[in-house]
Number of protein chains: 4
Amino acid sequence: MLSEKLLNEKVLRDPIHNFVHIQDRVILDLINTTEFQRLRRVQQLGITGSVFHGAEHSRFGHSVGAYEIARRITEHFEQYYASKEANDGLWQADERLLTLSAALLHDIGHGAFSHTFEHLFNTDHEAMTRAIITGDTEINQILSQVSPDFPNKVASVIAKTYPNPQVVQLISSQLDVDRMDYLLRDAYFTGTKYGEFDIDRILRTMKPTVTGIAFDIAGMHAVEDYVVSRYQMYLQVYFHPVSRGMEVLLEHLLHRARELYLNAHDSERDFVGPLLQPLFSGESLSVADYLKLDDHVFMTYINMWRNHPDAILSDLSRRFLDRKPLKSIVIDDNTAPLLEDLEKLVAYAGYNPAYYTARNDAYDLPYDDYKPNVAKPRTQIDFLLGDGTHRELSELSPLVAAIKGQVSFDKRFFFPKDMLNIEPDELFADTFKTFRSYIHNNALTTPNPES
Amino acid sequence: MLSEKLLNEKVLRDPIHNFVHIQDRVILDLINTTEFQRLRRVQQLGITGSVFHGAEHSRFGHSVGAYEIARRITEHFEQYYASKEANDGLWQADERLLTLSAALLHDIGHGAFSHTFEHLFNTDHEAMTRAIITGDTEINQILSQVSPDFPNKVASVIAKTYPNPQVVQLISSQLDVDRMDYLLRDAYFTGTKYGEFDIDRILRTMKPTVTGIAFDIAGMHAVEDYVVSRYQMYLQVYFHPVSRGMEVLLEHLLHRARELYLNAHDSERDFVGPLLQPLFSGESLSVADYLKLDDHVFMTYINMWRNHPDAILSDLSRRFLDRKPLKSIVIDDNTAPLLEDLEKLVAYAGYNPAYYTARNDAYDLPYDDYKPNVAKPRTQIDFLLGDGTHRELSELSPLVAAIKGQVSFDKRFFFPKDMLNIEPDELFADTFKTFRSYIHNNALTTPNPES
Amino acid sequence: MLSEKLLNEKVLRDPIHNFVHIQDRVILDLINTTEFQRLRRVQQLGITGSVFHGAEHSRFGHSVGAYEIARRITEHFEQYYASKEANDGLWQADERLLTLSAALLHDIGHGAFSHTFEHLFNTDHEAMTRAIITGDTEINQILSQVSPDFPNKVASVIAKTYPNPQVVQLISSQLDVDRMDYLLRDAYFTGTKYGEFDIDRILRTMKPTVTGIAFDIAGMHAVEDYVVSRYQMYLQVYFHPVSRGMEVLLEHLLHRARELYLNAHDSERDFVGPLLQPLFSGESLSVADYLKLDDHVFMTYINMWRNHPDAILSDLSRRFLDRKPLKSIVIDDNTAPLLEDLEKLVAYAGYNPAYYTARNDAYDLPYDDYKPNVAKPRTQIDFLLGDGTHRELSELSPLVAAIKGQVSFDKRFFFPKDMLNIEPDELFADTFKTFRSYIHNNALTTPNPES
Amino acid sequence: MLSEKLLNEKVLRDPIHNFVHIQDRVILDLINTTEFQRLRRVQQLGITGSVFHGAEHSRFGHSVGAYEIARRITEHFEQYYASKEANDGLWQADERLLTLSAALLHDIGHGAFSHTFEHLFNTDHEAMTRAIITGDTEINQILSQVSPDFPNKVASVIAKTYPNPQVVQLISSQLDVDRMDYLLRDAYFTGTKYGEFDIDRILRTMKPTVTGIAFDIAGMHAVEDYVVSRYQMYLQVYFHPVSRGMEVLLEHLLHRARELYLNAHDSERDFVGPLLQPLFSGESLSVADYLKLDDHVFMTYINMWRNHPDAILSDLSRRFLDRKPLKSIVIDDNTAPLLEDLEKLVAYAGYNPAYYTARNDAYDLPYDDYKPNVAKPRTQIDFLLGDGTHRELSELSPLVAAIKGQVSFDKRFFFPKDMLNIEPDELFADTFKTFRSYIHNNALTTPNPES
């Protein structure tokens, strides 16, 4: 039985939480596994570092940070809300190690450039997370030493099927350890101030209840500030049009590489090295092969492809490594009718529109209030009154009410920046003129995010 | 002619701006006047320090801070928007010293506990500011050395009658040097995070125009964050119910002291010392007498009044100095009908309701958008597009739209906390029971601000 | 018996520690006493705010801050070093409330402008602290409810006579809760960075031992950084020559006022109001009279004395309120022989040297290592090795070794700045010339602290 | 001629300087070159991120940060110290673009894991920097557009042969833009506080002189704090024994890989891919080949080598990627005589000492004062007095005097941690026992740096 406490806690220096405190042998051993160390080789924000150059931090720091928040919460719960009997709405001390393990491992299945990657190769980082926890891995071995069913319990927390809603909501909800850590961390590393909020006050007012996690009414303004901060981070950082212009490049270049690979003779498939081949061959990836993939592998092959004989692959690879993002225009009522002509214009200028244009939506759910007649688990943020009743966040905060519900931030059409400098012949002259004037106006009227 | 530059700039260490840079002899001389040094003896947030104990900073720091922001703006304007001819919408370099002087002196007429004070003694700190600038003062002497009409020009900027709207709006508008400094400063000294915003980005996107000051569209999110931050500071700090419970005490005790003074024989008026007598006598205060008043004077007399023979005055003085604020209940549809009975109950318990109860509203205008058919100067925050058109903030930001227009945050009824412990006889038993239960529920349902 | 825990902890928002957590009824009640609330009316750094305008914070914030550090330490000690038997070098849980109370009250006897004040009026804030704790005060009543001997125990901790050296050293030693809080707090409010150090790491490595408090070797560099930070704060902030030029003014003006008072007829003693008279009369001050004195009282009388008929008192009062410090020159081998002539020159220029000149030393003990053959309690900072041996800080750190022992930072001669502009007749022309040239050179060669 | 200013400056959001301001077309174009973008793929602190997980930032951010400091300095110099004639000790405005370009490009030749790399492959990043600036690169093209000799001028600044010592010292000296940026940046990303200092005050007191750069005496304490901060960063971060335990692993594994490569038949050389082969073949690297190398390439091959048939290479690769550093013991008078036996013991335990042990020194020159009789350029930090004389830092600061001159921080012997768990037979039992006891004592007596 491995659930022992360390004689002396170990600490990791962390810029967000100052110290991450490791008090259990299981947690220390999990961090020392090969699978967990891989997270050092996967950047948290992928391509966003090309716009905010400070944001080069990996998922390793975020994972131990989410763990540290979970540790503080469970310590606070044990001190103030220790359960005396089952299902009384209070905190069961024996959920502690499960909560900490799930917090630490919630991103263990993330791969390089996850969003692009999953879309293209049809993988799913959450499924992979569960596979790593329950499969033939060092992580599974460590977890199994706690108890034979412990790996499955951890996986069920991440899958949101674990029966105790308190544990599930601490790991995945609108105000969970994952989101709290990534907002603070991404704000710190990008150097923007939008993501900051008062985590100390939020943690102090957090409470276990029979239906999960709620907050004391005294924490309302701190929670409101957190939701607004998250909304601003999406607008300003996560959906930055230049990042999306890089992401589109990456997607096109990986797509092109795979096409070339699938259409090539065996003898010409060397340009995709052994680490990537299982992915490109189209068969389903084993956990072991998946774990070999990290940012470095992709970046190294893209580096090699700079000199690939295929003109499109080499050009896209160079643009990607040398940070020449596709430019974009917001798709609105004025520009939408123009896009078909624009694609023709791109083709006329010598670029294959399939690889040099894209349409890309940015949307997020800044806050999801409760819909009483929709049959799904409660997701709203609730405040607890002393008489046992609850009130939901958007009822209390006009700011949150203003941004609740699904929001599409913007849709953009991407194209090569070089297009702006062509001199089209008569046939395309009008389209080009309209195009340039729309780009100009678009730039003038769109609130331009950070730099 | 005194508008010379210093050979070596002087700096003041400042926790908000790191350094305040003093580059002109006029500015240095203004800071060294007796009237400006008095600002060290007037706290910026008055009674708020009794709730947020860090907030003990004076108007001196805020005044040099507002000056420093003005200095940065005029330097930026001179570098990027130097005017070539009059009224071209660009910045006239010769407005610099006027802008800096007005920024430095905008609060020079503030007295101790301004809000309470003005209400009670019928004074007006803005009128006093102009009187200090144009009257027989050291400040007037310094300003007159720039040019004979310079004091009047500075006063007209503060009165908003100066013809150049750029200068006026830098000093007084919804996004002026005063508000920017006080939000950052009050957030820093209270230790709350709500008041923080990205001033560097706001200053970078600020532009002079023919109608005043506008912002580049690229600054929209930073400005939005500023408006939201200000809203949160009002809710969490400036309108804190405990501060208001102290303010109400102060108002009642000064009122009582003046009444005693006015009704007393000359020989019994000693309890009001020579510095306060001009104020209490009810005649209009001279500038010279006004300038002798500061926080220390009031606090010293309240200290003496602890032992005054009048039971009400001594009791209120003790409560004030020993921080025993009146308690409060939100006035809403449920509690409003109860207030008349409550006052009777307070009287029954032995407290004179005129001195031990109060009703107090908290309201602010978080953002005032443009009302086209209202004949008054434009006050909205405008964003400038490259084609010369403007868009107003609340059109662009759903967050600001949600809080624009006049908002009454809450109305409260104040009463002695000791009331909760009385044991009323039969006649009042029912009223008391209802009262206690409302207080209880009120506390449970009102989002409780900080601490 | 009052040593009960609060049902819900209360928090005070604090800029240094974010929150001060109040968990015991005794602590809450102590804060609410009239004696403790008085600390809001005594500035922590006295006259230093006239140089660093952010430093206007009171002893109230520092006192609750020192308490909060003590709270964190005792919580940590209870978790990791709980004693099983008496005198085993581990932490006795029942010392907690004593430690917290002593930390909270360690400065309760401080008066306005303590250093100047004590020197002039022959008072002693440490004796007064003990008198307040053991005398007829609200504080004494609260403490007595814990147990009849509890007030004396608290007083003995502050007097360093309490038998448990752990408790004594937490409150008074070279690395105690007082110093840790004031360094962080003064650095924050002045806006300098010199006072910052890694308190989290220091607290983590602090350990109880049989002889008091020691540190794990892993904390050595954090402790070294603390000692160096403290040294830099003394050089840069606490011993700033302009502050000292203001302090000297204050001392002279209070001295002059007392002289006038003592030499005056009863009928002419009104200029010293009732709150100050017990102090000026020269009899020993009662606790009750002492507690009426605060910054406001002194500042109000100095304000009145601006118009006192005595030319020296009114002039010094104006200089003090209008911030016209005496200027200074470092006393070194070159300047020392000159001082006698300088005093004559000052007299020649029309200033009474007794009130317009001063000599002032600044010295501190940045680090006091152990002197084995000096019979006094151990004061050095010790590091604990796993084999039970200790090593002393200056053996391990070359930086600390360089500044250990008594250091006189500088000695200065103060004089009116106006002296520099006189035009002396022939008799004094040479002295004046030499004087001006030394002032010039002195300014050029002395590392000038902040601003 | 390309030295034009941008119509609108561009900004990069930076966590250290808030914004990096780009005002010249040359600077913008240099940043957009393929060579400069490569710096995003080289971590600033190499292997240090395995100890301080926040420190994953690249040389890109550091390079634009060093540029930003240079931009602030030249702006300040132009405003306050504009030269009127040649060699007058003041600042020549036309050195601006040269200074900015050299600051931006000072690290352009850095490769992956520079220190390990250079030692092993006999490369020199400073020579490579000059080769990139003067060779056939995009950077050279941009620089040449300023003037044909501009690339050589930039290279000569970096080589310290440029005639104007002001420019040279801004780029390379004991207090240059490189060191100032990396200290602040590394402190920020590691999350330690040791590296912080008051850059604003340092920049304000920096002055051009005939012999280079000096500081006003008023900046002495800020400069002292910078030197002490740098010393503490070396002790606590840069020389962390765990980083060094990882570095030693990396060195051994690259050494092993090259040996295997050189001894292999052509047909078995595939395990070293095309990007690494020019390096491994031992011929001198072309600039073009050098520029293809980045962190990703090394990490990808090490990833592949996990499964290499050579047991040593695969084992070292796994240890490196899975963060299993070699453990270490300080070499002192007690342990030095033991090392020979220790190596035998390592061999006995089955590890080849050539690949599993190492001796490693950490040394730095915290401050190099002036040695008058040594014929080399002045390197000391000088303070300027108003009479034209200088004083050197260590004369003024006892703290700096204590750490000046060459310092060897420590020497360590590295070995596999698994050694501690072996059970040696009789022959080695004594050595093993002594060894374990020394390791134990060593750990107990060495001030353990961060985490």
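Biologist: By how many degrees is chain A turned when it is laid on chain D?
Modeller: This is a predicted model, in which local features need pLDDT of at least 70 and side-chain atom pairs count only at pLDDT 80 or more, whereas totals for chains, interfaces and linings use all residues. Residues are numbered from 1 along each chain as its sequence is written, while chains are lettered from A and ligands numbered from 1 in the order in which they are written. With the copies superposed by least squares on the C-alpha atoms of residues with pLDDT of at least 70 in both, chain A can be laid on chain D with an RMSD of 0.0 Å and a shift of 0.0 Å along the axis, and the turn is 180 degrees.

Biologist: As by what kind of axis are the two copies related?
Modeller: Chain A goes onto chain D by a turn of 180 degrees with a shift of 0.0 Å along the axis. The two copies are therefore related as by a two-fold rotation axis.

Biologist: Which residue of chain A comes closest to the rotation axis, and which element gives the most to the side of chain A that touches chain D?
Modeller: His296(A) is the residue of chain A that comes closest to the axis, with its C-alpha at 2.2 Å. In the interface, 35 residues of chain A are in contact with 35 residues of chain D, contact meaning that the C-beta atoms, placed from the backbone, lie within 7 Å. Elements that each supply at least two residues include β1, α3 (59-80) and α16 (295-305) of chain A, where helices (H or I, at least four residues) and strands (E, at least two) are DSSP runs numbered from the N terminus. The element that gives the most, with six residues, is α16(A).

Biologist: Why can one say that the copies meet through the same surface?
Modeller: One compares the interface residues of chain A with those of chain D, and the copies meet through the same surface because the share of chain A's interface residues that are also interface residues in chain D is 100%.
The conclusion therefore rests on that value, 100%.

Biologist: Which residue of β2(A) stands opposite Leu12(A)?
Modeller: Strand β1 (residues 5-14) and strand β2 (residues 18-24) of chain A run antiparallel and are joined by six bridges, and two strands count as paired if DSSP finds at least two bridges between them. They form a hairpin with three residues between them. Opposite Leu12(A) stands Val20(A).

Biologist: Which strands of chain A stand at the edges of its four-stranded open sheet?
Modeller: The sheet has mixed pairing and the order β3-β4-β7-β8. Each edge strand has a single partner strand, so one side of each is left without a neighbour in the sheet. These edge strands of chain A are β3 (206-209) and β8 (390-392).

Biologist: In β8(A), which residue is the bridge partner of Asp382(A)?
Modeller: Strand β7 (residues 382-384) of chain A pairs with β8(A) in the antiparallel sense, over three bridges. The partner of Asp382(A) is Glu392(A).

Biologist: Is Gly89(D) buried, partly exposed or exposed?
Modeller: Gly89(D) lies in the loop between α3 (59-80) and α4 (96-105) of chain D, and touches Pro208(D), Thr209(D) and Val210(D), not counting residues up to four places away in sequence. A residue is buried if 20 or more other C-beta atoms, placed from the backbone, lie within 10 Å of its own, exposed if 12 or fewer, and partly exposed in between. Because Gly89(D) has 15 C-beta neighbours inside 10 Å, this glycine counts as partly exposed.

Technical notes. Contact = placed C-beta atoms within 7 Å.
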